[in-house]
Amino acid sequence: MLALVAMRSIVPMINPRDFLTQLLYPYDSFTALRTDFGPVSYNERARFWEVFEYDDVLRVASEHETFSSDGSKFAAHPEEFTKGQSILTTDPPRHRQLRSLVSQAFTPRAIASIAPRIAAITHNLLDQVAEQGSMDIIADLSYPLPVIVISELLGVPSEDRARFKRWSDDIVFSEYDDLSSGNLEEYNERVRITVRRTLDELYDYFRVVLAERRLQPRQDLVSELLAAQIEGQSLSEAEILAFCTLLLIAGNITTTNLIGNALLCFDEQPEVMDQLAKSPELLPQAIEEVLRYRSPALLVGRYATREVELHGQTIPTGQMVIGWISSANFDPCAFPQPEVFDITRTPNRHLAFGHGIHFCLGAPLARLEAKIALGILLERFQQIRRKRDQPVETIHSAFILGPKHCPVTFKAR
Ligand code: HEM
């Protein structure tokens, strides 16, 4: 849980209002941050180190012996970490064991088998708005699609998705992320209370599901996790609960924002939207450029396991280090003309899914969902244009980027 609290405390690093509103154009925001703070800097107020350049972010994300994902090793109250520890917050060898248990379910091959179901859900969602000539891309498509898909994979009723959304929102962002007043300690305490309450609710929910699956296993991920063994040992209930929670949250918020961000990017260049409608085979590459240009996940967080020297600065053992993915994705040393949204960009070695042993497990699923959803949207509707009279408001989160709403008009083909 502390990992979540620590991540949430990133918000106050600069005037939060500016940060959140300017994030609509992340290139401008992150170029300004890199220029103001240099490649590496210590954030006095939030008490962590920030790393902005591509090579350094790559190193922080992947050099797990130096940059640990497990904050409990350095916490004053490690017992606070018993809830919420998952593969995301463990190091080898435990990480390798946990990941091997679930990676089979998420390979591109395994995921390809659910493509027809993703297409059917997308058609069903678009059927509900086709006659209207207008829709909110977020509420009508990009939120419900991933949450239905991950619910079905886990084996929990997708009708509970209003609850999933509330829990995800409470963990990832909330209205009090606006920190224009108040101090960091008070803010962290509020976050701690909300995250703890939300995890209690989520865990109570999944405990009931686990009890049901123990009695009657099904063909779903929860049943697989219950049956899974590492060297003859089953996963503990806490590990299964943490994993289900991670999948439910990671599996919906990020993909929602990938689809929302794609619409924002395409809308800024209507000729790209038309080109993609005519040549849908260009979509996968266009989606990679959206991932670079408007990365749904803004950062990775780690803890220095030893004193590390970076650009002449010394990061002491145990301190938190934030690698800004979005900043790395605009580093001119890694991407020529980083400010240009170019769907033909090759190579495109963006860090939107992280790098190294913690590389996003759900990347094949997120890519497939985005490709199918956007492909069907462009195939069925034409002249999709964002409603200009409604300014885009981005969600209030320090580590997720995307539009809160994206109302568009269109003509059904
Ligand atoms: C890890 C981003 C979709 C599950 C990560 C990481 C990033 C990321 C940056 C690395 C975190 C780190 O190194 O600390 C994204 C983005 C997505 C997306 C941008 C959508 C566009 C998904 C989906 C799922 C998922 C759909 C599951 C269904 C996970 C898991 C991890 C992870 C389980 C932890 C992997 C590990 O620690 O070994 N994701 N993610 N993600 N993601 Fe995703």
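Two strands pair if DSSP finds at least two bridges between them. By that rule, this predicted model holds an open sheet of 3 strands in the order β4-β12-β11, with antiparallel pairing.

## The three-stranded sheet

The edges of this sheet are β4 (134–136) and β11 (381–386), and each pairs on one side only. Neighbouring strands are turned by 30° against each other on average, direction ignored.

Take the β4 side. Strand β12 (residues 407–412) and β4 pair in the antiparallel sense over 3 bridges. Ser-134 has Thr-409 in β12 as its bridge partner. Met-135 stands opposite Val-408 in β12.

Now the β11 side. Here β11 and β12 run antiparallel and are joined by 4 bridges. Arg-386 has Val-408 in β12 as its bridge partner.

## The five-stranded sheet

A further open sheet has 5 strands in the order β1-β2-β10-β7-β3. Its pairing is mixed. Which strands stand at the edges? They are β1 (40–43) and β3 (67–68). Each has a single partner strand, so one side of each is left without a neighbour in the sheet.

Inside the order, strand β7 (residues 299–304) and strand β10 (residues 320–324) pair in the antiparallel sense. Their pairing runs over 5 bridges.

Helix α4 (residues 54–62) lies across β1, β2 (48–51), β3, β7 and β10. Relative to β10, α4 runs at about 130°.

## Helix α9 and its two partners

Helix α9 (residues 144–154) packs with α7 and with α13.

Start with α7. The axes of helix α7 (residues 115–127) and α9 come within 10 Å and cross at roughly 140°. That angle makes α7 oblique to α9, because only angles over 145 degrees count as roughly antiparallel. The crossing of α7 past α9 is right-handed. On the α7 side, the contact is made by Ile-118, Ile-121, Thr-122 and Leu-125. They meet Pro-144, Leu-145, Ile-148 and Val-149 in α9. By class, this contact has 7 nonpolar residues, 1 polar residue and no charged ones.

Next, α13. Helix α13 (residues 237–268) packs with α9 at an angle of about 155°, with the axes 8 Å apart. The two helices are therefore roughly antiparallel to each other. Again the crossing is right-handed, with α9 passing α13. From α9 come Pro-146, Val-147, Ile-150 and Leu-154. Their counterparts in α13 are Cys-244, Leu-247, Leu-248, Gly-251, Asn-252, Thr-255 and Thr-256. This contact has 7 nonpolar, 4 polar and no charged residues.

## Around the ligand

Of the 25 residues around the ligand, Gly-251, Thr-254, Gly-354, Cys-360 and Gly-362 come nearest.

The most comes from α13, with 7 residues. Gly-251 links two parts of this account: Gly-251 of α13 is in the contact with α9, and Gly-251 is among the residues nearest the ligand.

## Backbone notes

The table gives their angles.

| Site | Feature | Value |
|---|---|---|
| Pro-92 to Pro-93 | cis peptide bond | omega near 5° |
| Thr-346 to Pro-347 | cis peptide bond | omega about -10° |
| Glu-231 | positive phi | phi about 45° |

Where do they lie? Pro-93 is in the loop between β3 and α5 (94–103). Pro-347 is in the loop between α16 (325–328) and α17. Glu-231 is in the loop between β5 (229–230) and β6 (233–234). Its phi is positive although Glu-231 is not a glycine.

Methods: Residues are numbered from 1 along each chain as its sequence is written. This is a predicted model: local features need pLDDT of at least 70, side-chain atom pairs count only at pLDDT 80 or more; totals for chains, interfaces and linings use all residues. Axes are lines fitted to C-alpha atoms, for helices over the stretch in contact, and angles run from 0 to 180 degrees between N-to-C directions. Angles under 35 degrees count as roughly parallel, over 145 as roughly antiparallel, 65 to 115 as roughly perpendicular and the rest as oblique. A crossing is left-handed if the near helix is turned anticlockwise from the far one by less than a right angle, and right-handed if clockwise. Two residues are in contact if their C-beta atoms, placed from the backbone, lie within 7 Å. Ala, Val, Leu, Ile, Met, Phe, Trp, Tyr, Cys and Pro count as nonpolar, Asp, Glu, Lys and Arg as charged, and the others, Gly among them, as polar. A residue is near a molecule or strand if its C-beta atom, placed from the backbone, lies within 6 Å of it.
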